Amino acid sequence: MKELLMTLSRKEKIGQMLQIAPFFFVKDLKVEVAGPVEELHLDEEKIFLAGSVLGIGNPNEMIEVQQKYLEKSRHKIPMLFMADIIHGYKTIFPVPIAMASSFSPKLAQACARVSALEASTSGIHVTFSPMADLSRDPRWGRVVEGFGEDPLLIGDMSAAMVKGYIGEGYDKPGTIASCVKHFAAYGAAEAGRDYNTVDMSRLSLYSTYLPSYLRALEAGARLVMTSFNTVDGVPCTVNPFLLREVLRDRWGSNAVTISDYDSLKQILAHGVAENMKEVAYRGVTGGLDIEMQSAAYANHLETLIEEGRVEEHLLDEAVLRILELKKDLGLFEDPYRGASSELADQIVLSEAHLAASLEVAKESAVLLENDGILPFNKETKIALIGPYATERNIIGPWHWHGCWNCHEHLAEAFADQTIFVKSDPSVESYSHADVQKILAADIVVLALGEKEWESGEAHSKSNPTLSKEQKELFSWIRRIHPKVVTLLFNGRPLILDDIVTSNALLECWFLGSMSSQAIRSILLGETNPSGKLPMSFPRNVGQIPIYYNHLNTGRPYLGEHDHNEYVSKYLDVKNTPQYPFGYGKSYSQFVYENLQVSKKVFSPTDILQVTVDVTNHSDRDGQEIVQLYLYDKVGRISRPVQELKRYTKVWIHGQEKKTIAFQLSEKDFSYVMPDGSTVLDSGEFVLYVGGSSNHTIETTITLKGTRA
Ligand code: GLC
């Protein structure tokens, strides 16, 4: 590609660093140039030098845009077509926070594989996924797009999605490249308010917030999207610490860096540039390759080079990465790679794809409470009440091309056993006759939640909880009926108050195209729920941020029996979350016992074998997510009271006992210091194994003779 690079004019090189929406190429440019393009100050020459577009919608559109572009292009370098395929293209899978609840990277990979097969028929080459942003704050609307609060789980799920998108390799059909986002630490926006400042220690960055992006890159992600927030007061889009020191120097990555939507231009609002020329300067020196939907590079980079303020090699390095990506995707051989209406008709929304989505959905719901009322059977007469009783839009935010009203809603899924259905959440709207029908039902199924648009980008909430009306509806139903099953549809952990007094409480998140079928399968017992929470549910907003892998403090509160006044606790709420990371119930009862380690005293070179017996004390087969946590009791810096180090999902038949084995090595006992170095200390470690971060059995082991 270096030879091709040398043939390009400076304008042509700079054009490769511009990404705009595709409609500029197919509509009357005089209209577009004077219209939305006006604020970009792009003329037709610059538009037809762009290196990529985002947001194409179908194969014919892609072919038309690429054709028009190449007709006018001197260099004949095809454009890259990118889009947001976050949890499915047209067959929609559960939202990422729901997929994370499955603790099954295999299922995330299956989602990505189907997404790539469907999206590539539209000629899409790159997806802006996975979102590897760790978050501990459910006020932030975008937790719906991420995989929760734990670095290991997020890293596993992100890497699995990248592998799913790539499939057998870019030279095979039905594959797309992955762009991991949003780099970096976007999920730590202060007060959970989207786009807000991120200010954190290097220790938090290196140990908690950065590892999952690296996991996605190691799995093969070819692009990194910068985030809207600042780190150290510097917008991530122009942050040389992140884009050069971490990404290039520490990680040795050659990924293409791309801004978020006009996030380069936004550094004006951040107050780190006074005009678009300085914006271009900060971007190219900061390490940004592609500018999405703003035109600082297109309009000012050439002048900066001519003035000698920017060295041309910075331009060449960026453009070479872009050309290499296009080559690896086979665009020079086939600029229309994958685009096919015929293939789209065959595979998009196919039965096989919908079946795959259903399988993921069944394992993504989390059973939070159950006094035995679930599962019920097909003869059970239910009253189905609440806004989600007849709501079809349960496929979640960022469903983009997904058809939100093409699939059955709950009332249709339970049509043969509902004696009363009402979606109106206002208690006053229920007549005496309604009440009689509700009382005649064996069970009331309350379908509550947030609107699909209440989470997602720019949709943060200062108080992540249900509406007052829905809470009143719950309290009323709770008063008048003894058997209440509550279903939650939401894109973030919610503060649930007395909703937790439901006889059964199922966290359904937004489960995608097959939501209703998956929920029906669980409520009728055809599926034994196995999901676990990837993010803590706070008791109230004052607890936020609340997460499982916290430090002990110097005055830890030891629980209800601890009557010491001067300890780290609240006067008005417990320290523990309503529901912790890793928590989720099953229709089975799993009992953990006989935790064994191959060595109670071990050395850094040992591979430690850990086994535990898990018995299913029920007659119902079920899956259990066995979790292994570690506590480093003494380190050079204070260490989290628990860190997830392993997990595995196993089928255990009724009354069966299974011995689960894990292996641990030196790497698992090492940790990152504030300077980014990795260290290992001798001393005691506590191993916790169980079905939740707060329900485990434990053993203590000792590491001798570290290399430090
Ligand atoms: C949005 C989002 C980002 C998305 C991009 C392109 O603003 O922040 O996640 O990929 O724009 O649509």
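Helices here are DSSP runs of H or I with at least four residues, numbered from the N terminus. The structure described is a predicted model.

## Helix α16 and the second largest cavity

Helix α16 spans residues 312–328. Of the elements around the second largest cavity, α16 gives the most to the lining, with three residues. The cavity holds about 30 Å³ of space. Its lining consists of R244, V284, G287, L288, D289, L314, A318 and R321. Sorted by class, four of these residues are nonpolar, one is polar and three are charged.

H313 also belongs to helix α16. Its relative accessible area is 37%, and because this falls between the 20% limit for buried and the 50% limit for exposed, H313 counts as partly exposed. The side chain of H313 is in polar contact with the side chain of E317, at 2.7 Å. K657 stands 344 residues from H313 along the chain, and the C-alpha atoms of the two are 63 Å apart.

## The largest cavity

How many cavities of 30 Å³ or more does a search of the whole structure find? The search finds two. The volume of the largest is about 40 Å³. The largest share, three residues, is from β20.

The lining residues are L630, Y631, D632, R639, E643, K645, D668, F669, S670, Y671 and F685. By class, this lining is made of five nonpolar, five charged and one polar residue.

Strands of a sheet pair through backbone hydrogen bonds, either parallel or antiparallel.

Within this sheet, strand β25 covers residues 683–692 and strand β26 covers residues 695–703. These two strands are antiparallel, with nine bridges between them. In this pairing, G683 is opposite L703 of β26.

Strand β11 runs over residues 366–370. Is it enclosed or open? Four of its five residues are buried, so β11 is largely enclosed by the rest of the structure. For this count, buried means under 20% relative accessible area.

Strand β11 is joined to strand β16 (residues 504–507) by four bridges, and the two run antiparallel. One of the paired positions is E369, whose bridge partner in β16 is L505.

## Surroundings of the ligand

How many residues surround the ligand? There are 13, and the closest are D84, R142, K181, H182 and D260.

Polar distances to the ligand can be given for individual side chains. For D84, a side-chain N or O atom is 2.4 Å from an oxygen atom of the ligand. For K181, the corresponding distance from a side-chain N or O atom to a ligand oxygen is 2.8 Å. E457 has a polar side-chain atom 3.0 Å from an oxygen atom of the ligand.

Technical notes: Residues numbered from 1 in each chain as written. Predicted model: local features only at pLDDT ≥ 70, side-chain atom pairs only at ≥ 80, totals over all residues. Heavy atoms only, no water. Buried < 20%, exposed > 50% of the residue type's maximum accessible area, 1.4 Å probe, protein only. Pairing = 2+ DSSP bridges. 1 Å grid on protein atoms, 1.4 Å probe; cavity = no way out; pocket = protein on both sides within 12 Å on 5 of 7 lines; lining within 4 Å. Points joined across faces, edges and corners; volume = space filled by probe spheres on them. Nonpolar A, V, L, I, M, F, W, Y, C, P; charged D, E, K, R; others polar. Near = heavy atom within 4 Å. Polar contact = N/O pair within 3.5 Å; in protein donor to acceptor, adjacent residues only side chain to side chain.
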